[in-house]
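Hi everyone, thanks for coming. I'd like to walk you through a few contacts and interfaces today, so let me put the structure up first.

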There are 2 protein chains.
Amino acid sequence: MTKSSYSVAVIGLGAMGMGAALSCLRAGLTTYGIDLNTAALARLKAAGATAVAQDAGAFAEKLDAVLLLLVNAEQIRSVLFGANGLADKLNKGTALMLSSTISVQEVKEISQKLTEKGLIVLDAPVSGGAAKAASGEITVMAAGSEAAFNKLQPMLTAVAAKVYNIGAEIGLGATVKIIHQLLAGVHIAAAAEAMALAAKAGIPLALMYEIVTHAAGNSWMFENRMKHVVEGDYSPLSMVDIFVKDLGLVTDTAKSLHFPLYLANTAHSMFTAASNAGYGKLDDSAVIKIFNAVSLPQKGE
Amino acid sequence: MTKSSYSVAVIGLGAMGMGAALSCLRAGLTTYGIDLNTAALARLKAAGATAVAQDAGAFAEKLDAVLLLLVNAEQIRSVLFGANGLADKLNKGTALMLSSTISVQEVKEISQKLTEKGLIVLDAPVSGGAAKAASGEITVMAAGSEAAFNKLQPMLTAVAAKVYNIGAEIGLGATVKIIHQLLAGVHIAAAAEAMALAAKAGIPLALMYEIVTHAAGNSWMFENRMKHVVEGDYSPLSMVDIFVKDLGLVTDTAKSLHFPLYLANTAHSMFTAASNAGYGKLDDSAVIKIFNAVSLPQKGE
């Protein structure tokens, strides 16, 4: 495909970021990749990226758009405003899509700093998992100005199947994503609780998985994550510690709204317990390991 | 369609039972309907049932199979073993499919009594909701003898898209269904918690619904039940009190297995609170009404 002159840098080439970057390439956009992980950089370069680097400084002035898919606000602040920060190197009018799951307060602060430098911001968390990212079919829950939506249109078209415009106010995207994560996190924890109970009751987990995924007890997360449990493979696509963070954002949000959380508080404790038991860097389905005295499938069985 | 000589009675014409009975008719089986609700009987008769009645006694000897879709074990015992009980009127060798959600102990006791009378039993809870029942596509999680599966085959083909054979031991079907209900109940309660938080945060619920159903936070129950919340319509298809019962079976099962339930215990309390607040006979999505000081959509808005 002929390369478009529209230039985009994807910062953070994890499961979601790599998929988004590959989708930009497939859509013919001039694509740059930034990550500290050199293996990820090599993979994206081999797939056709114009350039890859651990720092976007060298091609900052060429960019129309930047997609940030970093883990948390601390990483975003470091990349944009730290020593050798990117925010001062981008041309005025460059659009940044902030797609990490961060708090409303954090996205507002970061957005304000960027806006003061003449940059355009979209508060645009995403969902869909690694497979949807790879196929350019993520869901974007976005808030920002019409100018931000317009400027980012080629990239949004490349990476997303659905782009929801929640409103102009920065922070609405983060709010919707945090509420979404309440569901995602509780569903993983509930899936773990149910599968551990099935193991305890002597029901083969592969059969339990097959039945639930064909019945009304199914969830996107059950179907996606319990496959890892059935296979005994806890190689992380998204880690337990990510949900310690995300459900922490949920509880912070609820506290600020004086709203009682029954299930999400419990699920947050379950992921925190899993992290404290040493499973924080495993796949988030490893939250099932907090249930002792159950026999779970082992990899390669 | 020519009527098959295979004769089946569906006892309990609620949302699931009516759908199953209509599916039997559509498959050409000679179909009888039993319920206390005369409106349900009239509807099934108009659809082509051979006969309908509040009591199956009059045609008990004609039946090859009986599908019981009653609410609880008390109702099953009353129909089968109460005054004028059906169990003594059926021919030996008639097969009964016990599809209510009841405890392992209950299904074992009922099954033993039926077996002693020369009847054949399948421990066969179902899932799928009213729509799948109506289209003959429910999921059956069944345990029982090969003879039971064989004898019930024409009816299973008529009502189900998937029939899982969990094993020969009566009680395994109930166990799997109860674990399934852990997921179903927690998912409804989590959906309610998330949507109430969205309302509190000022996110339009129709938009939140649209986003979640296109993202990884989705569940079968979120998609099915939160439609009722968005429409402000709590007409019961399945009531809050059903989940007070079903999650009660989950907690009983866990207790007997010495298994800790974090989320299901909490969800059980949420449904119980909703019931105590006067919402027990509303649609189970009315569990969202336990969240005060949030503004929910009203019907007809």
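Within chain A, 14 residues of domain 1 are in contact with 12 residues of domain 2, where contact means heavy atoms within 4.5 Å. Before I go on, please keep in mind that this is a predicted model: local features need pLDDT of at least 70, side-chain atom pairs count only at pLDDT 80 or more, and totals for chains, interfaces and linings use all residues. Residues are numbered from 1 along each chain as its sequence is written, chains are lettered from A and ligands numbered from 1 in the order in which they are written, and side-chain values use heavy atoms, leaving out hydrogens and water.

Back to chain A. Domain 1 covers 7–170 and domain 2 covers 175–290, with bounds that come from an automatic or database domain assignment. The C-alpha centres of these two domains of chain A are 27 Å apart. Together the two domains bury about 1000 Å², and carbon and sulfur atoms give 71% of that; buried area here is the accessible area, with a 1.4 Å probe, that two parts lose on being put together, summed over both.

What about polar links across that domain interface? The rule finds 0 salt bridges, a salt bridge being a side-chain nitrogen of Lys or Arg within 4 Å of a carboxyl oxygen of Asp or Glu. There are 5 residue pairs in polar contact, both at pLDDT 80 or more. For that term we need a pair of N or O atoms within 3.5 Å; within protein, one must be able to donate a hydrogen and the other to accept it, and residues adjacent in sequence count only if both atoms are side-chain atoms.

Now to the two chains. Here 57 residues of chain B are in contact with 57 residues of chain A. The chains bury about 5000 Å² between them, with 79% of it on carbon and sulfur atoms. Between chain B and chain A the count is again 0 salt bridges, alongside 22 residue pairs in polar contact, both at pLDDT 80 or more. Elements giving two or more residues to the chain B side include β8, β9 and α7 (172–200); helices (H or I, at least four residues) and strands (E, at least two) are DSSP runs, numbered from the N terminus. α7(B) gives the most, with 19 residues.
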